[in-house]
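Hello,

Here is the structure I promised to pass on. My notes on what turned up in it follow below.

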Amino acid sequence: MSTWPSPSVSTPVDAVVDLPGSKSITNRALILAALADGPSQITGTLRSRDTDLMLDALAAMGVGISPAPDDPTTVDVTPAPLHGGRIDCGLAGTVMRFLPAVGALAAGDVEFDGDEQARSRPLHTVLDALRDLGASIDGSSLPFTVHGTGALAGGPVTVDASASSQFVSGLLLSAARFTDGVTITHDGPPVPSMPHIEMTVDMLREAGAAVSFDGASWTVAPGPIRAVDWAIEPDLSNAAAFLAAAAATGGRVSVPRWPTATTQPGAEITTILELMGATAARSDDGLLTVTGPDRLRAIDIDLHDVGELTPTVAALAALADGASTLRGIAHLRGHETDRLAALATEINRLGGDVTETDDGLRIVGVPLRAGVWHTYADHRMATAGSLLGLVVPGVEIENVATTSKTLPDFVSMWETMAGSAS
Ligand SMILES: O=C(O)C1=C[C@@H](OP(=O)(O)O)[C@@H](O)[C@H](O)C1
Ligand SMILES: C=C(OP(=O)(O)O)C(=O)O
């Protein structure tokens, strides 16, 4: 087992960290560009495992995908009639849940597979919904095959999206191209990660689709998806771990190009860090700066809408004074790994005091010690362990390479930030 000795600091960090593009926005822009009525150019495209799997998958169905030779983050996308092909989903929720609907619009069989670990991620809801909308699909989890016919009827469908917002986004993104559009009604416990559905709706509207939401159902009218030259915002969920480093060390971290308005749930990290005692300010030119407190305060918070931030917040809570409660995140058991179990196990392995609850974690801040931090192939476990390692000497991260899922340069960026502590 190879491990990475994550750097620890004895003085505050003071760094500017420029983040590459958002995974969630990149993968939506790629799909909308692939289904559009003309060619588009995407700038600031995230190039990472999850987004390269999306690029490859769309190319496998016939879409023209051309990264600029001198700048792979600028990608020209040329729509073409979709045909059958093989798709590797890796461990990417956005690929395995957004592309089955695209596959139904292809003329031919589209075969989906992915990492062994991906086979246990919830998926059948989106496949059942597509069957209800007229698709022919073999299988209910990876591997599965969509027998595309070049068209999908669409219409009304009811889903229980309480396990993942991606079930709704995955139907909405392609729905303007269904013959009758779609009306999706959610029936079940509350849908998590609603800002991610708002991101889908906003981007569809920007591409000219007619989308409405009445509080219970989302409707997309049939019609063309306009070609848009998308400019991708920096990934604010990845920014969160770096900003949290300022909070954990009493230091200062700035992130350029912080959007004034965004649907990225990662933006909520500033409010969370403020609740824990940090200050956050954005300058007129978009530089977001977090300054850490002397001591971190415990927090009691519902993360249902922003579950992606949980590993970062859990690591901070383990360093804070007092007992924290993170609620509303039972659905994290179906993320890259069971994140509640993984966080409890790994923080406790370092001497922490974490208990799993029905819908989250109770974390008491106690002194932590050196040890190996396991990542379970989960990029956000790797970044959470590194955050602890910044203040707890001797934390070794197993399989830090898993950060390539959304941030291939994580190690060098983190080492540079740690090096800023004088
Ligand atoms: O649509 C998206 O881009 C995402 C939605 C969320 O999924 P869940 O609703 O499954 O939490 C989020 O956690 C994931 O990282 C990205
Ligand atoms: C849950 C996540 O990813 P995915 O898109 O694979 O669901 C995540 O990035 O935190």
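The chain is assigned two domains, domain 1 (3-17 + 235-419) and domain 2 (23-139 + 151-220), with bounds that come from an automatic or database domain assignment. Their centres, taken over C-alpha atoms, are separated by 29 Å. Domain 1 gives 16 residues to the contact and domain 2 gives 21 residues, where contact means C-beta atoms, placed from the backbone, within 7 Å.

A word on conventions: this is a predicted model, in which local features need pLDDT of at least 70 and side-chain atom pairs count only at pLDDT 80 or more, while totals for chains, interfaces and linings use all residues. Residues are numbered from 1 along each chain as its sequence is written, and chains are lettered from A and ligands numbered from 1 in the order in which they are written.

Around ligand 2 you will find Ala 92, Gly 93, Thr 94, Glu 308, His 335, Glu 336, Arg 380 and Thr 406, each with its C-beta atom, placed from the backbone, within 6 Å of the ligand. Both domain 1 and domain 2 supply at least three residues to this shell.

Asp 115 sits in the loop between strand 7 (107-113) and helix 4 (124-132); helices (H or I, at least four residues) and strands (E, at least two) are DSSP runs, numbered from the N terminus. Leaving aside residues up to four places away in sequence, Asp 115 touches Gly 90 and Leu 91. Ile 184 lies 69 residues from Asp 115 in sequence and 29 Å from it in space, C-alpha to C-alpha.

Best wishes

How values were computed
Two residues are in contact if their C-beta atoms, placed from the backbone, lie within 7 Å.
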